[in-house]
Amino acid sequence: MNIPNEYVSTAEDIADQVIRKGKHILPTVARLCLISTFLEDGLRMWFQWSEQREYMDMSWGCGKFLATVFVLVNLIGQLGGCVMVLARLRVPIACGVLFFIVVLQTFAYSILWDMQFLFRNLALIGALLLVLAESRGEAKSLFAGVPSLGDNKPKNYLQLTGRVLLAFMFITLIRFEFSIVQILLDFVGSLLMVLVTVGYKTKLSALILVLLLTTLNLYHNAWWNIPDYKPLRDFLKYDFFQTLSVVGGLLMIVYLGPGGVSMDEHKKKW
């Protein structure tokens, strides 16, 4: 009797029950979590219009006009993209707009040279790819009731790329602290992320990661406990919503599964 395998099988059964019961709201919750960082940043552009414009003008010396255009593009692009994703309205275009915003901010805020912020933006792009994959649906058959003979390859590769890019988020959360709890968290989290990346026991691994990341996010990034006048509040808020967006990507994996390019899929053919 293989007890570890029994535990894994039991955990998979529980995960399947949770997914089945929540299948109607899971995609919406995943999308809401995923767009949260764009929604927060878009609203910040609205409420801190003058501060954001002055910051860009001072950082780049681009003048009031270009600084205003930058803030306006971020505001409209992010809020508009969020509405389109939630409403399932031309999702590929919405994902393209949000992808453009991520790339724009990567260069505008010099994130390209900061590995932690760069990795988080890559994870954000991975989450967007998973939304794009979900919007494609299943490959349609030529005849009603007859399964399609070919795989939905674009969707499968979108899911694969999305899974790989999401792994960058966890790299930024690894803390090199010599404590038993932190070492255990780093080990378990890294193992689960590897399983999600290669697509093995994917739904179970992604669901556990959702619980783990959500717990760590609430503990480490509790920005609501910091007074408004402290700069730390904005940093923690940024981290909180970016992590929440990656949680949304993981929830999308829980809903969609790993796709055709994964160990789970290949196991079915053995």
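H2 crosses H6 in a left-handed sense. The model is predicted. Helix H2 spans residues 26-47 and helix H6 spans residues 115-136. Their axes lie 11 Å apart, at an angle of about 145°. On the H2 side, the contact uses Pro27, Arg31, Leu34, Thr37 and Phe38. These meet Leu124, Ala127, Leu128, Val131 and Glu134 of H6. By class, the residues of this contact are seven nonpolar, one polar and two charged.

Now helix H8, residues 180-198. How far apart are its end C-alpha atoms? They are 27 Å apart. With 19 residues at 1.5 Å a residue, H8 should span 27 Å, so the two values agree.

Which residues of H8 are buried? They are Gln182, Asp186, Gly189, Leu192, Met193 and Val196. Around the axis they cover an arc of only 145°, so they sit on the same side of H8. The face turned away from that buried side carries Ile180, Leu184 and Phe187, which are exposed.

The buried residues of H8 have three helix partners, tabulated here.

| Helix packed against buried residues of H8 | Residues |
|---|---|
| H7 | 153-173 |
| H9 | 202-220 |
| H10 | 231-256 |

Past the helix, Gly199 follows H8. The phi of Gly199 is positive, near 80°.

In short, H2 and H6 pack at about 145°, while H8 packs its buried residues against H7, H9 and H10 and carries exposed residues, Phe187 among them, on the face turned away.

Definitions and conventions
Residues numbered from 1 in each chain as written. Predicted model: local features only at pLDDT ≥ 70, side-chain atom pairs only at ≥ 80, totals over all residues. Heavy atoms only, no water. Axes fitted to C-alpha atoms, helices over the stretch in contact; angles between N-to-C directions. Helix = DSSP H or I, 4+ residues; strand = E, 2+ residues; numbered from the N terminus. Left-handed = near helix turned anticlockwise from the far one by under 90°. Contact = heavy atoms within 4.5 Å. Nonpolar A, V, L, I, M, F, W, Y, C, P; charged D, E, K, R; others polar. Expected span 1.5 Å × (residues − 1). Buried < 20%, exposed > 50% of the residue type's maximum accessible area, 1.4 Å probe, protein only. Arc of directions from axis to C-beta.
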